Amino acid sequence: MTDNPTPPPQTYAAAGVDIEAGNELVRRIAPMAKATARTGSDSKLGGFGGLFDLAACNYDDPVLVAANDGVGTKLRIAIEADKHDTVGIDLVAMCVNDLIVQGAEPLFFLDYFATGALNVDAASDVISGIAVGCKQANCALIGGETAEMPGMYSAGDYDLAGFAVGAVERAAILPREDVGAGDVVLGLASSGLHSNGFSLVRKLIAAHKLHWQDASPFTPGLTLAEDLLEPTRIYVRSVLAALQQTSGIKALVHVTGGGFQENLPRILLDHCAAEINLSAWRLPPVFAGLQDMGNIEQDELLRTFNCGIGMIVIVSAEHAAAVAQCLDAQGEEVIEIGTIAARQGDAVVFSGSLEK
């Protein structure tokens with residue numbers, strides 16, 4: 001009888017997890033997190049949890065508001081195009097734009113990055129985008145998790161999730177209960193597709209046999225990847241300024257998955273309808289091009305994409321001009337796109353048509 005040979009020593013690295021790569025990532029991103037520091041935070045990484053001092057923010061009667069989200073299959077384009085520096089902005093935007101619609105100021109953000117084998121360069125690019133988004137939103141990046149999970153993801157793939165917490169004075173929580181007939185609906189222009197509808201986008205691009213490094217058929221001077229990866233606009237600073245400097249904002253709507261038809265009803269009382277004039281703005285070229293590519297009907301386009309309007313502001317008629325002027329001064333493109341009326345049927349009623 002022969003003895004069984006002694007198996008070689010096993011290591012975590014041999015199983016596919018590189019602890020030193022994770023440490024190197026932390027070293028790279030620590031200055032990025034530090035650059036997002038704001039009142040209440042220290043933005044140091046490496047502890048078991050992130051700390052935030054709410055008392056330092058001088059609220060009188062604060063209510064915390066939390067949101068989490070991802071970027072969806074927009075990540076697939078970033079991965080295949082090997083362009084990772086903007087999807088982190090998208091991740092922050094999808095969370096903090098959901099906070100601001102409730103009147104909340106974003107305070108801090110945490111991210112979750114999961115992959116099969118950690119590519120430090122790609123991960124660092126992603127998190128640099130997260131830091132940029134946090135600075136745009138005046139939101140501290142106080143922590144996160146990098147999970148290296150061999151066998152769970154194909155080579156080069158990763159996934160992202162983001163978590164944001166904000167605060168609002170109890171008396172200022174939106175939407176207000178006095179949204180009603182006669183209120184004005186303002187639209188704030190989007191920066192592009194934002195982070196919704198990309199499963200359909202990718203299907204159309206594949207059907208037309210286009211490649212991510214091809215010249216964009218929508219925007220001259222950009223590759224297709226650069227055009228489609230244009231990051232989601234963050235509306236936090238401009239909307240907070242309008243809330244602080246004007247009166248009359250009754251509700252806000254972040255136009256994400258489900259478009260106008262699914263998101264507007266979330267802030268409407270049962271007796272109200274939003275009447276939207278689709279002729280009030282021009283459909284940006286990227287949406288018009290995708291519509292032509294897929295022969296997409298207008299209702300489907302509006303349900304899938306933001307169609308050029310990333311944020312909606314419901315404001316009393318007497319304050320609409322002042323609110324619009326304030327938002328314009330903050331750099332937003334503001335368009336009056338409709339009114340609130342008594343509901344006769346659907347919660348969202350369209351007139352006119354999207355002009356290319």
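A residue is called buried when its relative accessible area is under 20%. In this predicted model, Thr223 has a relative accessible area of 18%, and Thr223 is therefore buried. The residue is placed in the loop between α5 (198–207) and α6 (224–228). When residues up to four places away in sequence are not counted, Thr223 touches Trp212, Gln213, Asp214, Ala215 and Ser216.

Aromatic rings were examined next. Five aromatic pairs are found in the structure. In one of them, the ring centres of Phe52 and Phe108 lie 5.3 Å apart and the ring planes meet at 40 degrees, so this pair is tilted. The two partners belong to distant parts of the chain, since Phe52 is in the loop between α1 (19–34) and β1 (62–69), whereas Phe108 is in strand β2 (residues 105–115), and 56 residues separate them. Phe52 and Phe108 are both buried.

Another pair is formed by Phe260 and Phe350, whose ring centres are 6.3 Å apart and whose planes stand at 75 degrees, so that the arrangement is edge-to-face. Because Phe260 lies in helix α8 (residues 259–263) and Phe350 in strand β10 (residues 348–351), the pair ties together parts of the chain that are 90 residues apart in sequence. With regard to accessibility, Phe260 is buried, with a relative accessible area of 1%, while Phe350, with a value of 26%, is partly exposed. Together with Trp281, Phe260 and Phe350 form one aromatic cluster.

Notes
Residues are numbered from 1 along each chain as its sequence is written. This is a predicted model: local features need pLDDT of at least 70, side-chain atom pairs count only at pLDDT 80 or more; totals for chains, interfaces and linings use all residues. Side-chain values use heavy atoms; hydrogens and water are left out. Rings of Phe, Tyr and Trp (its six-membered ring) pair if their centres lie within 6.5 Å; planes under 30 degrees apart count as stacked, over 60 as edge-to-face and the rest as tilted. Helices (H or I, at least four residues) and strands (E, at least two) are DSSP runs, numbered from the N terminus. Buried means under 20% relative accessible area, exposed over 50%, partly exposed in between (1.4 Å probe, protein chains only). Contact means heavy atoms within 4.5 Å.
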